[in-house]
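Thank you for making time this morning.

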Amino acid sequence: MIDVKKLLDNPEEYKRSLKLRGSDPSVVDEILKLDLQRRDIITKVEKLRNDKNIKSKEFGNLKKEKKDTSELEKIIKQITDDLVSSESGLQQIQTACDALLLTTPNYLLPDVPEGKDSSNNKVVREWGKKPEMSFKPKDHVDLGESLGIIDFKRAGKVTGARFVFMCGLGARLERSVINFMMDTHAKNGYSEILPPYIVNEQSLIGTSQLPKFKEDLFKLENSSYYLIPTAEVPVTNFLADEIIDHDKLPVKFTAFSSCFRSEAGSYGKDTRGMIRQHQFNKVELVKITDAKSSIEEHEKLTQDAERILQLLGLHYRVISLCSGDIGFAAAKCYDLEVWLPSLNEYKEISSCSVFLDFQARRAKIRYRDPETGKPALAHTINGSGLAIGRTVIGIMEQYQQADGSIIIPEILRPYMGVDRITVK
């Protein structure tokens, strides 16, 4: 949630940010109007409370002197009625303002590339080389089915579209990737968390999924609980409503979880295979920092996610998302995109975002400022480290051989116990 005080100081700056996102800047004027009304009512409420205190003291004195208080009682009743009405109006305006703020996107950092859509994203760097193949590469679906390690047909029978069974060495490959990622991030100073897969509404509000993206979530019937769309939600909210000692910052968490998304609005997009599913596994990285270090820590977290791809020997690139393609809550975002030979294109495998205090204001995550001794809003950062299914796809496609087998990256062989997946 954006800082209203910052908005009041420079509304034109935020209007420009909204225009760059392709959003309607008139929301700024609506927020300013509601805030002006709120401040006017606050002034009125404070005056009424003061008047009531004064009249109450007068009433007490008259009572002591055994004088007539009937007229004063009428005045106090009128003040009380006005106060109740004003406080109710204040609450209504505050609710309306909060509702508007909860659906208003974050500020953009100055170095976010300008553009309308993904075609305007900026390539920051590439790592490795595209694998050279003397044969026509197969996609992960044909590879997996021919090797007997992926089964979409039975998953469709058991559940429906966009689900999969990983079988045999396919299941072991996915498990190996998970363990490798968690071990690597733990060695790099991230504390491991195994989070709940069900969260409440407030947690989803805290990380900005609600109310904006309600249609993308799976809600449990007859309850206020939801399945998590990402471990970002429970892990970030782990420190909600808390004040962190500054000397413990940055707090660094890594978490494995299954993720559940309805994929509303993605009809016809990436429908083949495991690229876009309703249930998938992911390793998440989350950082809680102070206001001064969040930009630097965002760069470091992105490099930590990249390190996984480098150790696996997978060719990828890093892009900086432009203003028209960046997420609702992000102030800046890097996407890591892995190369898929069958498609002859890159696919996103991680989004690494810095949110400044946007999420922390919603979730009330604070730290003790060492300079003032007062609580200050923390900054939050997260990124996939990485999406497991898409990592498996990258391994299958980039390490495929002409005979249909798949070489296991050297770093994974101690986890797998084999160096190749072959047709039996």
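Let me begin with Glu263, which forms a salt bridge with Arg276, the closest N and O atoms being 3.2 Å apart; by salt bridge I mean a side-chain nitrogen of Lys or Arg within 4 Å of a carboxyl oxygen of Asp or Glu. Glu263 and Arg276 both lie in the loop between strand 8 (251-260) and strand 9 (279-289), so the pair ties together parts that are 13 residues apart in sequence. Helices (H or I, at least four residues) and strands (E, at least two) are DSSP runs, numbered from the N terminus. Glu263 is buried, and Arg276 is buried too, where buried means under 20% relative accessible area, exposed means over 50%, and partly exposed is in between, with a 1.4 Å probe and protein chains only.

Before going further, please keep in mind that this is a predicted model, in which local features need pLDDT of at least 70 and side-chain atom pairs count only at pLDDT 80 or more, while totals for chains, interfaces and linings use all residues. Residues are numbered from 1 along each chain as its sequence is written, and side-chain values use heavy atoms, with hydrogens and water left out.

Staying with charges, the count comes to 27 salt bridges by this rule, and bridges that share partners join Lys287, Glu296, Glu297 and Lys300 into one network. Another bridge brings together the side chains of Asp35 and Arg39, at 3.0 Å from N to O, and these two residues both lie in helix 3, four residues apart, about one turn of the helix. Asp35 is buried, with a relative accessible area of 2%, whereas Arg39, at 41%, counts as partly exposed. In helix 4, Asp81 and Lys77 are likewise four residues apart, and they form a salt bridge whose closest N and O atoms are 3.0 Å apart. Here Asp81 is partly exposed at 35%, and Lys77 counts as exposed at 53%.

Now to the rings. How many aromatic pairs does a search of the whole structure find? The search finds eight, where rings of Phe, Tyr and Trp (its six-membered ring) pair if their centres lie within 6.5 Å, and planes under 30 degrees apart count as stacked, over 60 as edge-to-face and the rest as tilted. The rings of Tyr14 and Tyr107 have centres 4.5 Å apart and planes at 55°, so this pair is tilted. The two partners are 93 residues apart, with Tyr14 in helix 2 (residues 11-21) and Tyr107 in the loop between helix 4 (70-102) and strand 1 (122-127), and both are buried. Phe213 and Phe328, by contrast, form an edge-to-face pair, 5.8 Å centre to centre with 85° between the planes. Phe213 counts as partly exposed, at 30% relative accessibility, while Phe328 counts as buried, at 9%. Ring pairs link Phe213, Phe328 and Phe358 into a cluster.

Finally, the interior. A nonpolar core is a set of buried Ala, Val, Leu, Ile, Met, Phe, Trp, Tyr and Cys residues joined through side-chain atoms within 4.5 Å. The largest such core has 82 residues, and those with the most contacts inside it are Leu173 and Leu412. Helix 4 gives the most to this core, with eight residues. A second, separate core of 18 residues includes Ile288, Ala363, Ile365 and Ala376.

In helix 5 (residues 140-147), His140, Val141, Leu143, Gly144 and Leu147 are buried. Seen down the axis, they fall within an arc of 165° (the arc of the directions from the helix axis to the C-beta atoms), so they line one face of the helix. Just after helix 5, Gly148 takes a positive phi of about 70°.
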